[in-house]
Amino acid sequence: MNKLSSQHRESTIRNLKSGLYDLLVIGGGITGAGIALDAASRGLKTALVEKNDFSFGTSSRSTKLIHGGLRYLKQLEFGLVKEVGSERAVVHRLAPHLVVPEKMLLPLYEKRGFGSLLTSFGLKLYDWLAGVKPEDQRKMLTKSQTHGYEPLLRKDEVKGGAIYAEYRTDDARLTIEIVKTAARYGADVMNYCKVSDFIYDAGKIVGVKAHDEFGSDAFLVKAKSVVSATGPWVDELREIDRSKTGKYLHLTKGIHLVVAFEKLPVRQAIYFDVEDGRMIFAIPRGRTTYIGTTDTNYNGSIDKVDASREDAEYLIRAVNQTFPAVNLVVSDIESSWAGLRPLIHEEGKSASELSRKDEIFLSPSGLISIAGGKLTGYRKMAERVVDLVIANTFEGLDLKNCFTDKIRLVASGFENYTEVKSYRAYIAERVQKLGLNAIYANYLVSNYGKQTDLILNDLRNGDADRELALAELRFTFQHEMAMKPLDFIVRRTGILYFYKNRLAHIKVAVLNEFQRYFRWSTERLQFESETLEMAIQGVTNFR
Ligand code: FAD
């Protein structure tokens with residue numbers, strides 16, 4: 001049976017209870033997933049446990065860009081820009097359907113931001129640091145060219161612009177594909193399995209105490225080394241280990257809003273600065289455009305992060321000031337999400353000034369914690385952590401060097417982006433013959449790549465839209481360990497964010513399929529149905 005099948009959990013728990021792992025990774029965000037893949041592929045016996053769903057934390061709440069972080073040049077973070085900038089092309093090569101080239105428009109303003117000379121130099125440096133191919137390098141634009149690219153921009157203030165290369169992705173799908181690939185290399189992976197304590201022998205960690213949310217007793221998982229890749233929760237685990245000394249996390253919140261494309265019909269992704277000096281993205285995506293992000297200090301609950309009315313109004317104001325013909329109001333918002341950046345505190349620095357670099361903490365008990373960093377740099381972060389694990393615990397063993405830059409993230413994936421485009425054309429034909437809306441061709445291929453065939457082959461007779469959702473759901477049961485409706489509706493498909501209009505049509509059928517598959521009681525069905533309803537209300541309920 002597939003290791004990521006929702007039915008495989010019993011067998012994984014048996015392994016977790018009985019095995020002695022070389023490495024146990026706590027946290028199933030992109031960092032933990034990347035570490036598990038790196039370690040398993042180098043030959044370490046690896047396990048990964050996640051207390052909620054894979055990518056539940058920051059890794060499903062980002063701006064969904066694989067980007068070099070242009071604004072970090074302003075903070076003179078050349079090393080960071082070089083590393084993540086170069087990684088963009090690598091991650092694109094590993095999953096070309098999921099990490100897709102996207103040109104970004106950067107408008108320049110009369111009275112604010114950098115002048116065109118400085119911007120031209122900055123972008124040139126950005127391309128050079130990241131080794132961008134000549135044909136993709138930045139192009140400076142005149143005023144009229146800029147308005148040609150984006151007629152919605154202010155005619156009075158925009159004096160020119162630039163176009164430069166980035167990539168867009170789906171963070172949660174990228175994470176799940178990395179988790180799946182780690183499992184392909186032998187890692188035991190498990191969601192809804194929380195680590196509540198560490199087990200010590202002579203002051204050194206030799207395992208953890210874990211709880212399966214769907215099981216009863218806590219159990220021990222033995223491991224020669226333990227890494228906490230728990231993002232915003234890193235300090236919580238350092239406290240349990242009594243090793244939270246010195247540097248500590250500084251959490252900042254970032255939110256995104258989603259509106260129907262017609263409400264903000266930008267022709268392409270755009271990165272604009274607003275009057276307070278911050279930079280904001282507006283990114284068209286299918287039938288929607290999303291906008292983000294904010295950056296404010298955060299002291300609330302890490303487990304439940306919401307976008308406030310103030311956050312939403314800030315972004316709406318920024319959009320309305322930038323695009324005068326657009327008049328967004330709060331009731332235009334279809335969906336939203338809010339996430340936390342686990343940054344490292346630096347005395348006297350504001351939220352936006354804090355470094356985005358990752359940081360590794362090594363405790364006297366041997367616990368290795370990693371926080372900070374970017375989605376984009378997950379592979380290099382993983383390499384550094386696994387190198388450290390090997391140096392600390394497995395020095396002298398015959399282990400491979402990191403080669404995750406050669407591991408495609410989807411079994412039988414694409415060789416290159418040209419293959420993605422021709423597969424998309426083939427799926428477009430299949431979608432049409434099956435009586436599905438044409439929009440699904442793009443949606444399916446960007447979400448699932450070549451796995452789309454598995455889903456379409458499983459389509460049953462009936463209402464085509466609903467049957468498609470059910471075929472996707474069965475795929476995520478069998479291959480992606482979907483355990484709850486929100487795993488499917490938020491993290492496997494992005495439906496709650498970008499295809500909310502599908503929900504009214506499919507949600508009852510989805511809940512019933514869950515009940516059938518997991519043999520839920522009527523009470524459980526009722527509870528999950530209410531939870532789903534609350535989540536649907538929550539994305540537009542700004543307080
Ligand atoms: P997380 O994704 O938070 O994962 C940590 C996991 O640990 C969670 O799933 C949590 O449930 C689990 N966990 C916690 N405690 C336990 C426990 N006791 N037992 C088991 N599991 C536990 N980066 C980019 O490259 N591009 C972008 O466009 C971008 N945009 C961003 C926008 C915003 C608003 C934010 C906040 C960040 C953005 N980032 C971006 C940064 C990027 O999203 C993060 O660096 C990355 O997702 C962090 O991943 P992680 O795995 O370290 O943490």
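Trainee: Leaving aside its neighbours within four places in sequence, which residues is Asp358 in contact with?

Mentor: Contact means heavy atoms within 4.5 Å. By that rule Asp358 meets Ile370, Ala371, Gly372, Gly373, Met381 and Arg384, once neighbours within four places in sequence are set aside. Keep in mind that this is a predicted model, where local features need pLDDT of at least 70 and side-chain atom pairs count only at pLDDT 80 or more, while totals for chains, interfaces and linings use all residues. Residues are numbered from 1 along each chain as its sequence is written, and side-chain values use heavy atoms, with hydrogens and water left out.

Trainee: Where is Asp358 found, and is Asp358 buried or exposed?

Mentor: Helices (H or I, at least four residues) and strands (E, at least two) are DSSP runs, numbered from the N terminus. Asp358 is in the loop between strand E16 (333–344) and strand E17 (359–362). For accessibility, buried means under 20% relative accessible area, exposed over 50%, and partly exposed in between (1.4 Å probe, protein chains only). Asp358 counts as buried because its relative accessibility is 17%.

Trainee: With which side chain does the side chain of Asp358 make a polar contact?

Mentor: A polar contact is a pair of N or O atoms within 3.5 Å; within protein, one must be able to donate a hydrogen and the other to accept it, and residues adjacent in sequence count only if both atoms are side-chain atoms. For Asp358, the partner is the side chain of Arg384, at 3.0 Å.

Trainee: How should I read Arg154, and why does Arg154 count as partly exposed?

Mentor: Its relative accessibility is 21%, so Arg154 counts as partly exposed. Arg154 sits in the loop between helix H5 (143–149) and strand E6 (158–168). Its side chain has a polar contact of 3.2 Å with the side chain of Asp156. Along the chain, Arg154 and Phe323 are 169 residues apart, yet their C-alpha atoms are separated by 6.0 Å. Residues touched by Arg154, not counting those up to four places away in sequence, are His147, Gln321, Thr322 and Pro324.

Trainee: And what is the relative accessibility of Phe488?

Mentor: It is 0%, so Phe488 counts as buried. Phe488 belongs to helix H14 (residues 485–492), and beyond four places in sequence its contacts include Ala469, Leu473, Ile495, Val510 and Phe514. The C-alpha atoms of Phe488 and Glu166, 322 residues apart along the chain, are separated by 28 Å.

Trainee: Zooming out, how many helices and strands are in the chain?

Mentor: There are 17 helices and 18 strands. Buried residues make up 60% of the 543 residues. Among contacts between residues at least 6 apart in sequence, 72% join residues at least 24 apart. The C-alpha atoms fill a box of roughly 70 × 60 × 45 Å, taken along the principal axes.
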